[in-house]
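Dear colleague,

Please find below the structure that I am handing over to you. My notes on it follow directly after.

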Amino acid sequence: MTAEPPEPLPRDFFDRPVEEVAPDLLGRVFAHENVAVRLTEVEAYAGPLDPASHAYRGLTPRTAVMFGPPGHAYVYFTYGMHYCVNLVCGPDGTASAVLLRAGEIVAGKETARSRRPRSTDRDLARGPARLCMALGIAREQNGLDVCSPTGPMRITPGQPAYPSLIRTGPRTGVNGGKDTPWRFWIDGDPTVSPYRPHVPRKRRPAASGGSRGDGGRS
């Protein structure tokens, strides 16, 4: 007999303050189609209350998913080259979300390798852009319901990280991040990405006839 796939986490799992949901995601299994990752590193962003959040300035067409019901994916394009995926948290209208930063590929490794052929197994999903590339996530997946048992994107219980192994610290690359230690990771896991402090970006003259794409964080 073929084992039934695990049920996804219920919507009320996400209908909580983002700083509670974020560490509780460590050790859970996030999947898109046939590739799955055990989450080892995440970051929390508190919407309109958080200057580092895309939703800080309010509702826009880009951030509409964040202002919707919890348990959906918010996918954005950054630096004109990468996608990042977040999971929307809190009550409808609050716009908080958890950025999925890193994890260990636990299913569909050959597919992930084909998408990142020069990567080691450790580095397949070690960083938010690599995670999206390994799982085949792009703008088309924005808004998908991760709580649906029949949807292409889902998050299942996995094996929650032991509280004694969860560490917290400044968010990567966020100005003033030391005041909000909302980066959470599993201590000692090799797939956790290296921390990098905020470095102010020097503005370059805009190229004629184009743009650099979306920037910022969740």
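**Findings from the model**

Just after helix α4, glycine 136 adopts a positive phi of about 70 degrees. Please bear in mind throughout that this is a predicted model.

Helix α4 itself spans residues 128-135, and six of its eight residues are buried, so the helix is largely enclosed by the rest of the structure. The buried residues are Pro128, Ala129, Leu131, Cys132, Ala134 and Leu135. Their cover includes the strands β1, β2 (35-45), β4 (82-89) and β5 (96-107), together with helix α3 (109-115).

Aspartate 123 sits in the loop that runs between α3 and α4. With a relative accessible area of 14%, aspartate 123 is buried, and, not counting residues up to four places away in sequence, it touches Arg116 and Arg130.

Glutamate 33 has a phi near 55 degrees, a positive value, and lies in the loop between β1 and β2. Its relative accessibility is 46%, so glutamate 33 counts as partly exposed. Alanine 95, in the loop between β4 and β5, has a positive phi of about 65 degrees. Alanine 95 is buried, its relative accessible area being 0%.

I turn next to the nonpolar interior. In soluble globular proteins, nonpolar side chains tend to be buried together. Which residues touch the most other members of the largest nonpolar core? Among its 38 residues, they are Phe14, Leu25, Phe30 and Leu100. Strand β2 gives the most to this core, with five residues. Apart from this core lies another, of 13 residues, among them Ala52, Ala55, Val88 and Ala97. As for leucine 25, if its neighbours within four places in sequence are left aside, this residue is in contact with Phe13, Phe14, Leu39, Val42, Leu87, Val98, Leu100 and Ile155.

Histidine 72 is found in the loop between β2 and β3 (73-78). Is this histidine 72 buried or exposed? The cut-off for buried is under 20% relative accessible area; histidine 72 has 16% relative accessibility and therefore counts as buried. A polar atom of the histidine 72 side chain lies 3.3 Å from the backbone oxygen of proline 69. For the backbone oxygen of proline 70, the distance to a polar atom of that side chain is 3.4 Å. Not counting residues up to four places away in sequence, histidine 72 touches Arg11, Val65, Asn86, Leu87, Val88, Gly143, Leu144, Asp145 and Val146.

Finally, there is the matter of open space. Rolling a probe the size of a water molecule over the atoms shows where empty space is left. The second largest pocket holds about 160 Å³ of space. Its lining is made up of Pro5, Pro6, Glu7, Pro8, Val29, Ala31, Ala36, Ser148, Pro149, Arg154 and Thr156. Of the residues in this lining, seven are nonpolar, two are polar and two are charged. Strands β1 (29-32) and β6 (153-156) each supply at least two residues of the lining of this second largest pocket.

With kind regards

Notes: Residues are numbered from 1 along each chain as its sequence is written. This is a predicted model: local features need pLDDT of at least 70, side-chain atom pairs count only at pLDDT 80 or more; totals for chains, interfaces and linings use all residues. Side-chain values use heavy atoms; hydrogens and water are left out. On a 1 Å grid over the protein atoms alone, a cavity is a set of points where a 1.4 Å probe fits but cannot get out, and a pocket is an open set with protein on both sides within 12 Å along at least five of seven lines; lining residues have an atom within 4 Å of a point. Grid points are joined across faces, edges and corners, and a volume is the space filled by probe spheres set on the points. Helices (H or I, at least four residues) and strands (E, at least two) are DSSP runs, numbered from the N terminus. Ala, Val, Leu, Ile, Met, Phe, Trp, Tyr, Cys and Pro count as nonpolar, Asp, Glu, Lys and Arg as charged, and the others, Gly among them, as polar. Buried means under 20% relative accessible area, exposed over 50%, partly exposed in between (1.4 Å probe, protein chains only). Contact means heavy atoms within 4.5 Å. A nonpolar core is a set of buried Ala, Val, Leu, Ile, Met, Phe, Trp, Tyr and Cys residues joined through side-chain atoms within 4.5 Å. A polar contact is a pair of N or O atoms within 3.5 Å; within protein, one must be able to donate a hydrogen and the other to accept it, and residues adjacent in sequence count only if both atoms are side-chain atoms.
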